Amino acid sequence: MPLLEITDMTVAYGRIEAVRGVSITVEEGELVTLIGANGAGKTTTMRAVSGIRPLSRGKIVFDGKDITRMKPHLRVLEGIVQAPEGRGIFPGMTVLENLEMGAYGRTFENKAVHDETLARVFELFPRLEDRTSQVGGTMSGGEQQMLAIGRALMARPRLMLLDEPSMGLAPMVIQQIFRIVSEINAQGTTVLLVEQNARQALSRSHRAYVLETGEVVRSGGGRELLADPSIKEAYLGVA
């Protein structure tokens with residue numbers, strides 16, 4: 001049974017259908033990527049999984065449970081946690097306060113579990129540990145992205161939704177962010193990733209789906225799609 005199964009999903013904004021008939025599966029332990037041009041429906045798909053956008057048609061099942069009509073905060077309790085496009089940190093709060101907000105909706109068995117979770121975040125992002133008292137809004141773009149991912153990890157996700165984590169970052173920082181995403185996945189967290197940097201995303205993904213104008217038009221192994229001439233031409237700028 002897949003950890004996440006989306007079947008025949010349609011999501012609309014008014015009369016405009018942003019995604020139509022999309023079906024996606026994510027197995028436990030996988031890193032699965034959605035690629036496509038701007039406006040293809042990638043972010044809408046993520047918002048539907050997290051519960052921010054309602055479905056017009058279709059079904060979403062998580063770990064065998066139908067969550068199609070489940071409210072967003074209850075999905076967090078089930079283990080679906082999103083690091084949104086544009087980072088969305090709390091700019092007036094410190095790094096530590098931002099991280100604690102990630103844990104707000106999740107109950108820890110005891111303080112030791114909380115401390116272990118925080119220690120894991122600091123192990124992945126040592127820079128955050130060095131800046132716990134710094135106000136989030138004064139950090140660089142790369143540091144804010146680290147903080148957004150760290151905040152999501154504080155909710156102990158079973159499925160982490162990462163929406164454009166490399167957006168607006170310098171190439172060296174992008175490499176670092178993707179290495180950390182791969183490490184998070186290797187440590188056992190299932191990841192559904194939306195990413196414009198197709199080369200980095202596909203090279204690290206178990207599987208991927210290609211969205212065009214709201215529909216899935218291709219799917220396959222990450223490296224398989226990376227080697228496909230049509231994908232190279234469309235998304236990597238290689239003729």
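1. Seven-bridge pairing opens this note: β1 and β2 run antiparallel and are joined by 7 bridges. Helices (H or I, at least four residues) and strands (E, at least two) are DSSP runs, numbered from the N terminus, and two strands pair if DSSP finds at least two bridges between them. Within β2, Glu-17 is the bridge partner of Ala-12. The hairpin of β1 and β2 has 2 residues between the strands, and Gly-14 there takes a positive phi near 65 degrees.

2. On the basis of the model: it is predicted, with local features requiring pLDDT of at least 70 and side-chain atom pairs counting only at pLDDT 80 or more, while totals for chains, interfaces and linings use all residues. Residues are numbered from 1 along each chain as its sequence is written, and side-chain values use heavy atoms, with hydrogens and water left out.

3. Strand β1 (residues 4-13) runs antiparallel to strand β4 (residues 57-62), to which 5 bridges join it; Ile-60 in β4 is the bridge partner of Ile-6. Contact means heavy atoms within 4.5 Å; axes are lines fitted to C-alpha atoms, for helices over the stretch in contact, and angles run from 0 to 180 degrees between N-to-C directions.

4. A second open sheet has 6 strands in the order β6-β7-β8-β3-β9-β10, with mixed pairing. β6 (80-83) and β10 (215-221) stand at the edges with a single partner strand each, so one side of each is left without a neighbour in the sheet. From one strand to the next, the twist averages 20 degrees.

5. In this sheet, strand β3 (residues 31-35) pairs with strand β9 (residues 207-212) in the parallel sense over 4 bridges, and Thr-33 stands opposite Ala-208 in β9. Helix α10 (residues 229-236) packs on the sheet, where it touches β3, β9 and β10, and its direction makes about 60 degrees with that of β9. α1 lies across β3, β6, β7 (159-163), β8 (190-194) and β9, running at about 150 degrees to β7.

6. Helix α6 (residues 141-153) and helix α7 (residues 171-186) have axes that come within 10 Å and cross at roughly 10 degrees. α6 is therefore roughly parallel to α7 (angles under 35 degrees count as roughly parallel, over 145 as roughly antiparallel, 65 to 115 as roughly perpendicular and the rest as oblique). In α6, Gly-142, Gln-145, Met-146, Ile-149 and Leu-153 meet Val-173, Gln-176, Ile-177 and Ile-184 in α7. By class, this contact of α6 with α7 has 6 nonpolar, 3 polar and no charged residues (Ala, Val, Leu, Ile, Met, Phe, Trp, Tyr, Cys and Pro count as nonpolar, Asp, Glu, Lys and Arg as charged, and the others, Gly among them, as polar).

7. The axes of helix α3 (residues 95-102) and α6 come within 7 Å and cross at roughly 35 degrees. Val-95, Asn-98, Leu-99 and Gly-102 of α3 make the contact with Leu-147, Gly-150 and Arg-151 of α6. The residues of this contact of α3 with α6 divide into 3 nonpolar, 3 polar and 1 charged.

8. Overall, the protein chain has 10 helices and 10 strands. Its C-alpha trace spans about 45 × 40 × 35 Å along the principal axes.
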